Amino acid sequence: MANTKKGANSNFAPNVEAANILRDLEKFTVLEKDCTKEFSGDIKLGNRVEILGATRPTIADYTGEAINGPERLDATKIVMDIDQAKYYNYGIDDTDRPGMKKGAENVMRQEAAAALAEEYETFIASMAKNSGNKATSTQLNTEAGLKAAVDAGLVWLRNNSVPMTQRVVIEMTPNFYDMFENAVIELKTKNDDLISLGVMGQYKSAYVKMSNQLYNNGTDDFLMIRTNRAIAAGKQIEKVEKYRPESYFQDAVKGLMVFGAKVVRPKELYTIKAHK
(Lines give C-alpha, C1' and ligand atoms only; values in the text may rest on other atoms or scores of the structure.)
Protein backbone atom coordinates (compact mmCIF):
# COMPACT_ATOMS: atom_id res chain seq x y z
CA MET A 1 0.00 0.00 0.00
CA ALA A 2 1.05 3.61 -0.47
CA ASN A 3 -0.07 6.71 1.37
CA THR A 4 -0.46 9.80 -0.78
CA LYS A 5 -1.88 12.03 1.95
CA LYS A 6 0.62 12.24 4.81
CA GLY A 7 2.59 15.27 3.79
CA ALA A 8 3.99 13.77 0.64
CA ASN A 9 2.13 16.25 -1.53
CA SER A 10 2.75 19.42 0.48
CA ASN A 11 4.27 22.11 -1.75
CA PHE A 12 4.24 19.64 -4.66
CA ALA A 13 2.66 20.90 -7.86
CA PRO A 14 2.34 18.13 -10.50
CA ASN A 15 2.00 20.61 -13.38
CA VAL A 16 5.17 22.41 -12.34
CA GLU A 17 7.03 19.12 -11.90
CA ALA A 18 5.86 17.92 -15.35
CA ALA A 19 7.07 21.20 -16.87
CA ASN A 20 10.43 20.78 -15.13
CA ILE A 21 10.79 17.24 -16.51
CA LEU A 22 9.97 18.44 -20.04
CA ARG A 23 12.48 21.28 -19.70
CA ASP A 24 15.15 18.83 -18.56
CA LEU A 25 14.23 16.48 -21.41
CA GLU A 26 15.03 19.20 -23.93
CA LYS A 27 18.61 19.28 -22.65
CA PHE A 28 19.12 15.58 -23.42
CA THR A 29 17.38 15.18 -26.78
CA VAL A 30 19.40 15.31 -30.00
CA LEU A 31 17.34 13.50 -32.64
CA GLU A 32 14.02 15.08 -31.67
CA LYS A 33 15.33 18.57 -32.40
CA ASP A 34 15.16 17.73 -36.11
CA CYS A 35 11.68 16.20 -36.11
CA THR A 36 8.57 18.02 -37.25
CA LYS A 37 5.96 18.86 -34.63
CA GLU A 38 3.46 20.30 -37.08
CA PHE A 39 0.50 18.12 -36.16
CA SER A 40 -2.91 18.58 -34.58
CA GLY A 41 -4.33 16.66 -31.65
CA ASP A 42 -3.55 16.00 -28.01
CA ILE A 43 -0.54 13.91 -27.06
CA LYS A 44 -2.18 11.42 -24.73
CA LEU A 45 -1.74 7.68 -24.53
CA GLY A 46 -3.98 5.98 -27.08
CA ASN A 47 -4.63 9.16 -29.08
CA ARG A 48 -3.88 9.67 -32.76
CA VAL A 49 -2.57 13.00 -33.97
CA GLU A 50 -2.85 14.17 -37.57
CA ILE A 51 -0.11 15.50 -39.85
CA LEU A 52 -1.63 17.40 -42.77
CA GLY A 53 -0.12 17.97 -46.20
CA ALA A 54 -1.11 18.54 -49.81
CA THR A 55 0.03 17.70 -53.32
CA ARG A 56 2.05 20.36 -55.15
CA PRO A 57 0.28 22.56 -57.71
CA THR A 58 1.32 22.58 -61.35
CA ILE A 59 3.44 25.57 -62.36
CA ALA A 60 2.61 26.92 -65.82
CA ASP A 61 3.89 29.71 -68.10
CA TYR A 62 1.98 32.98 -68.10
CA THR A 63 1.67 34.48 -71.58
CA GLY A 64 -0.78 37.31 -70.97
CA GLU A 65 -3.70 35.17 -72.14
CA ALA A 66 -6.40 33.60 -69.96
CA ILE A 67 -4.95 31.19 -67.44
CA ASN A 68 -6.16 27.68 -66.66
CA GLY A 69 -8.90 27.13 -64.12
CA PRO A 70 -8.03 26.33 -60.49
CA GLU A 71 -6.39 22.98 -60.00
CA ARG A 72 -7.84 20.57 -57.47
CA LEU A 73 -5.17 19.67 -54.94
CA ASP A 74 -5.57 16.56 -52.86
CA ALA A 75 -5.07 17.07 -49.15
CA THR A 76 -3.07 14.35 -47.45
CA LYS A 77 -3.49 13.20 -43.88
CA ILE A 78 -1.13 10.95 -41.96
CA VAL A 79 -1.92 9.78 -38.46
CA MET A 80 0.69 9.26 -35.76
CA ASP A 81 -0.23 6.98 -32.88
CA ILE A 82 0.72 8.01 -29.36
CA ASP A 83 1.29 4.40 -28.37
CA GLN A 84 4.51 4.46 -26.35
CA ALA A 85 4.52 4.87 -22.55
CA LYS A 86 7.47 4.83 -20.14
CA TYR A 87 7.51 5.53 -16.41
CA TYR A 88 9.94 6.20 -13.59
CA ASN A 89 9.44 5.65 -9.87
CA TYR A 90 12.09 6.60 -7.31
CA GLY A 91 12.26 7.30 -3.58
CA ILE A 92 14.22 9.73 -1.40
CA ASP A 93 14.91 8.62 2.18
CA ASP A 94 13.79 10.75 5.12
CA THR A 95 17.24 10.28 6.65
CA ASP A 96 18.71 12.76 4.16
CA ARG A 97 19.21 16.24 5.64
CA PRO A 98 16.65 18.80 4.34
CA GLY A 99 19.21 20.66 2.21
CA MET A 100 20.64 17.44 0.77
CA LYS A 101 17.14 16.07 0.20
CA LYS A 102 16.15 19.07 -1.93
CA GLY A 103 19.34 18.73 -3.96
CA ALA A 104 18.74 14.99 -4.34
CA GLU A 105 15.24 15.67 -5.70
CA ASN A 106 16.65 17.94 -8.41
CA VAL A 107 19.42 15.52 -9.36
CA MET A 108 17.06 12.53 -9.47
CA ARG A 109 14.57 14.45 -11.60
CA GLN A 110 17.32 15.28 -14.09
CA GLU A 111 18.47 11.65 -14.15
CA ALA A 112 14.88 10.57 -14.77
CA ALA A 113 14.67 13.04 -17.65
CA ALA A 114 17.94 11.73 -19.12
CA ALA A 115 16.66 8.15 -18.94
CA LEU A 116 13.32 9.09 -20.54
CA ALA A 117 15.16 10.97 -23.29
CA GLU A 118 17.16 7.85 -24.15
CA GLU A 119 13.97 5.80 -24.51
CA TYR A 120 12.31 8.50 -26.61
CA GLU A 121 15.31 9.03 -28.86
CA THR A 122 15.77 5.27 -29.33
CA PHE A 123 12.19 5.07 -30.58
CA ILE A 124 12.69 8.02 -32.96
CA ALA A 125 15.86 6.37 -34.31
CA SER A 126 13.94 3.13 -34.95
CA MET A 127 12.04 5.02 -37.66
CA ALA A 128 15.12 4.41 -39.84
CA LYS A 129 13.71 0.90 -40.38
CA ASN A 130 11.00 2.61 -42.47
CA SER A 131 13.37 4.69 -44.56
CA GLY A 132 12.40 5.62 -48.10
CA ASN A 133 15.85 4.41 -49.12
CA LYS A 134 16.21 0.65 -49.02
CA ALA A 135 19.92 0.57 -48.31
CA THR A 136 21.72 -2.76 -48.10
CA SER A 137 24.09 -3.79 -45.35
CA THR A 138 27.52 -2.31 -46.08
CA GLN A 139 30.91 -2.70 -44.48
CA LEU A 140 32.42 0.76 -44.00
CA ASN A 141 35.85 0.50 -42.43
CA THR A 142 37.63 3.31 -44.27
CA GLU A 143 37.19 7.07 -44.11
CA ALA A 144 36.87 7.24 -47.89
CA GLY A 145 34.16 4.57 -47.92
CA LEU A 146 32.10 6.36 -45.27
CA LYS A 147 32.45 9.69 -47.04
CA ALA A 148 31.31 8.12 -50.31
CA ALA A 149 28.26 6.60 -48.56
CA VAL A 150 27.32 9.98 -47.08
CA ASP A 151 27.77 11.69 -50.45
CA ALA A 152 25.48 9.11 -52.06
CA GLY A 153 22.84 9.80 -49.42
CA LEU A 154 22.97 13.56 -49.95
CA VAL A 155 22.66 13.09 -53.72
CA TRP A 156 19.66 10.76 -53.14
CA LEU A 157 17.90 13.46 -51.13
CA ARG A 158 18.58 16.15 -53.71
CA ASN A 159 17.33 13.84 -56.47
CA ASN A 160 14.10 13.56 -54.48
CA SER A 161 13.61 17.33 -54.80
CA VAL A 162 14.87 18.30 -51.35
CA PRO A 163 15.82 21.98 -51.85
CA MET A 164 19.18 23.33 -50.76
CA THR A 165 17.35 25.67 -48.38
CA GLN A 166 15.82 22.75 -46.45
CA ARG A 167 17.61 21.81 -43.23
CA VAL A 168 19.33 18.41 -43.60
CA VAL A 169 21.03 16.46 -40.81
CA ILE A 170 23.52 13.59 -40.91
CA GLU A 171 23.25 11.46 -37.75
CA MET A 172 26.01 9.01 -36.83
CA THR A 173 27.01 6.74 -33.99
CA PRO A 174 30.19 7.79 -32.11
CA ASN A 175 32.43 5.28 -33.94
CA PHE A 176 31.33 6.36 -37.40
CA TYR A 177 31.36 10.03 -36.42
CA ASP A 178 34.98 9.71 -35.32
CA MET A 179 35.88 8.17 -38.67
CA PHE A 180 33.96 10.84 -40.57
CA GLU A 181 35.56 13.67 -38.60
CA ASN A 182 39.00 12.37 -39.59
CA ALA A 183 37.96 12.36 -43.24
CA VAL A 184 36.27 15.75 -43.46
CA ILE A 185 38.02 18.91 -42.30
CA GLU A 186 34.97 21.16 -42.63
CA LEU A 187 33.08 19.07 -40.08
CA LYS A 188 34.23 20.67 -36.83
CA THR A 189 32.43 23.56 -35.18
CA LYS A 190 33.04 25.79 -32.17
CA ASN A 191 29.59 27.37 -32.34
CA ASP A 192 28.07 26.98 -28.85
CA ASP A 193 24.52 27.44 -30.14
CA LEU A 194 24.95 24.59 -32.61
CA ILE A 195 26.61 22.37 -30.01
CA SER A 196 23.66 22.89 -27.66
CA LEU A 197 21.45 21.44 -30.40
CA GLY A 198 23.69 18.38 -30.72
CA VAL A 199 25.39 19.64 -33.89
CA MET A 200 29.05 18.67 -34.13
CA GLY A 201 29.71 20.42 -37.43
CA GLN A 202 28.68 20.84 -41.06
CA TYR A 203 29.34 18.99 -44.29
CA LYS A 204 28.06 20.13 -47.69
CA SER A 205 25.47 22.41 -46.02
CA ALA A 206 24.15 19.55 -43.86
CA TYR A 207 24.47 19.50 -40.07
CA VAL A 208 26.31 16.54 -38.57
CA LYS A 209 25.15 15.03 -35.29
CA MET A 210 26.29 12.18 -33.08
CA SER A 211 24.00 9.92 -31.05
CA ASN A 212 24.26 6.71 -29.06
CA GLN A 213 20.58 6.00 -29.66
CA LEU A 214 20.69 5.26 -33.40
CA TYR A 215 19.02 1.98 -34.32
CA ASN A 216 21.06 -1.22 -34.60
CA ASN A 217 19.56 -4.48 -35.88
CA GLY A 218 22.27 -6.64 -34.33
CA THR A 219 24.59 -6.26 -37.33
CA ASP A 220 24.36 -2.72 -38.67
CA ASP A 221 24.11 0.77 -37.28
CA PHE A 222 21.37 2.68 -39.10
CA LEU A 223 22.92 6.08 -39.81
CA MET A 224 20.34 8.63 -40.92
CA ILE A 225 20.49 11.46 -43.44
CA ARG A 226 17.19 13.34 -43.35
CA THR A 227 15.39 16.63 -43.47
CA ASN A 228 13.83 18.12 -40.37
CA ARG A 229 10.38 17.26 -41.70
CA ALA A 230 10.96 13.58 -42.58
CA ILE A 231 10.00 12.27 -39.13
CA ALA A 232 7.23 13.54 -36.87
CA ALA A 233 7.60 13.07 -33.13
CA GLY A 234 5.80 14.24 -30.02
CA LYS A 235 5.97 13.61 -26.29
CA GLN A 236 4.16 14.60 -23.12
CA ILE A 237 4.50 14.01 -19.39
CA GLU A 238 1.01 12.66 -18.73
CA LYS A 239 1.22 12.09 -14.99
CA VAL A 240 3.53 13.01 -12.11
CA GLU A 241 2.71 12.01 -8.53
CA LYS A 242 4.47 12.29 -5.18
CA TYR A 243 3.53 9.74 -2.53
CA ARG A 244 4.60 7.94 0.66
CA PRO A 245 5.32 4.19 0.17
CA GLU A 246 3.81 2.31 3.13
CA SER A 247 6.85 0.14 3.79
CA TYR A 248 9.54 2.84 3.53
CA PHE A 249 10.53 6.03 5.33
CA GLN A 250 10.76 8.11 2.22
CA ASP A 251 9.00 10.33 -0.28
CA ALA A 252 8.62 8.79 -3.71
CA VAL A 253 7.94 10.34 -7.11
CA LYS A 254 6.54 8.54 -10.13
CA GLY A 255 5.97 9.91 -13.58
CA LEU A 256 4.59 8.71 -16.91
CA MET A 257 5.75 9.93 -20.32
CA VAL A 258 3.81 9.09 -23.49
CA PHE A 259 5.09 9.62 -27.01
CA GLY A 260 4.94 8.65 -30.64
CA ALA A 261 6.92 9.03 -33.86
CA LYS A 262 6.37 8.32 -37.55
CA VAL A 263 8.06 8.74 -40.92
CA VAL A 264 5.86 11.25 -42.74
CA ARG A 265 8.12 12.07 -45.71
CA PRO A 266 9.89 8.83 -46.65
CA LYS A 267 11.61 10.44 -49.64
CA GLU A 268 13.41 12.76 -47.24
CA LEU A 269 14.96 10.02 -45.11
CA TYR A 270 18.02 8.07 -46.28
CA THR A 271 19.51 5.28 -44.19
CA ILE A 272 23.05 3.97 -44.35
CA LYS A 273 23.10 0.45 -42.88
CA ALA A 274 26.74 0.13 -41.91
CA HIS A 275 29.13 -2.06 -39.93
CA LYS A 276 32.91 -1.94 -39.63
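# Packing, rings and loops in a predicted model

The chain has five helices and twelve strands, where helices (H or I, at least four residues) and strands (E, at least two) are DSSP runs numbered from the N terminus. This is a predicted model, in which local features need pLDDT of at least 70, side-chain atom pairs count only at pLDDT 80 or more, and totals for chains, interfaces and linings use all residues. Residues are numbered from 1 along each chain as its sequence is written, and side-chain values use heavy atoms, with hydrogens and water left out.

Q: What share of the 276 residues in the chain is buried?
A: Buried means under 20% relative accessible area, exposed means over 50%, and partly exposed lies in between, with a 1.4 Å probe and protein chains only. On that scale, the buried share of the 276 residues is 42%.

Q: Among contacts between residues at least 6 apart in sequence, what percentage join residues at least 24 apart?
A: Contact here means heavy atoms within 4.5 Å. Among the contacts in the chain between residues at least 6 apart in sequence, the part that joins residues at least 24 apart is 77%.

Q: Are helices α3 and α4 roughly parallel or roughly perpendicular to each other?
A: Axes are lines fitted to C-alpha atoms, for helices over the stretch in contact, and angles run from 0 to 180 degrees between N-to-C directions. Helix α3 (residues 143–159) and helix α4 (residues 174–183) pack at an angle of about 95 degrees, with their axes 9 Å apart. Angles under 35 degrees count as roughly parallel, over 145 as roughly antiparallel, 65 to 115 as roughly perpendicular and the rest as oblique. The two helices, α3 and α4, are therefore roughly perpendicular.

Q: How many nonpolar residues does the contact of α3 with α4 have?
A: From α3 the contact takes Glu 143, Leu 146, Lys 147 and Val 150, and from α4 it takes Phe 176, Met 179, Phe 180, Asn 182 and Ala 183. Ala, Val, Leu, Ile, Met, Phe, Trp, Tyr, Cys and Pro count as nonpolar, Asp, Glu, Lys and Arg as charged, and the others, Gly among them, as polar. By class, the contact of α3 with α4 has one polar and two charged residues, and its nonpolar residues number six.

Q: Which strand does Phe 123 of helix α2 reach through its aromatic pair with Phe 259?
A: Rings of Phe, Tyr and Trp (its six-membered ring) pair if their centres lie within 6.5 Å, and planes under 30 degrees apart count as stacked, over 60 as edge-to-face and the rest as tilted. The structure holds six aromatic pairs, and the one between Phe 123 and Phe 259 is edge-to-face, at 5.7 Å centre to centre and 70 degrees between the planes. Phe 123 lies in helix α2 (residues 98–125), so the pair ties together parts that are 136 residues apart in sequence, and the strand that holds Phe 259 is β11 (residues 250–263).

Q: Which ring does the charged end of Arg 167 sit over?
A: A charge sits over a ring if NZ of Lys or CZ of Arg is within 6 Å of the ring centre and within 35 degrees of the ring normal. Lys 276 lies over the face of Phe 176, at 5.6 Å from the ring centre. For Arg 167, the charged end is 4.3 Å from the centre of the ring it sits over, that of Tyr 207.

Q: What is the C-alpha separation of Leu 31 and Glu 171?
A: Leu 31 is found in the loop between α1 (14–28) and β2 (48–54), and Leu 31 is buried, with a relative accessible area of 0%. Leaving aside neighbours within four places in sequence, the contacts of Leu 31 include Glu 121, Ile 124, Glu 171 and Arg 226. Leu 31 and Glu 171 are 140 residues apart along the chain, and their C-alpha atoms are separated by 8.1 Å.

Q: What is the phi of Ser 205?
A: Most residues other than glycine have a negative phi. Lys 204, in the loop between β7 (199–203) and β8 (206–210), has a positive phi of about 50 degrees although it is not a glycine. Ser 205 lies in the loop between β7 and β8 and is partly exposed, with a relative accessible area of 39%. Although Ser 205 is not a glycine, its phi is positive, at about 70 degrees.
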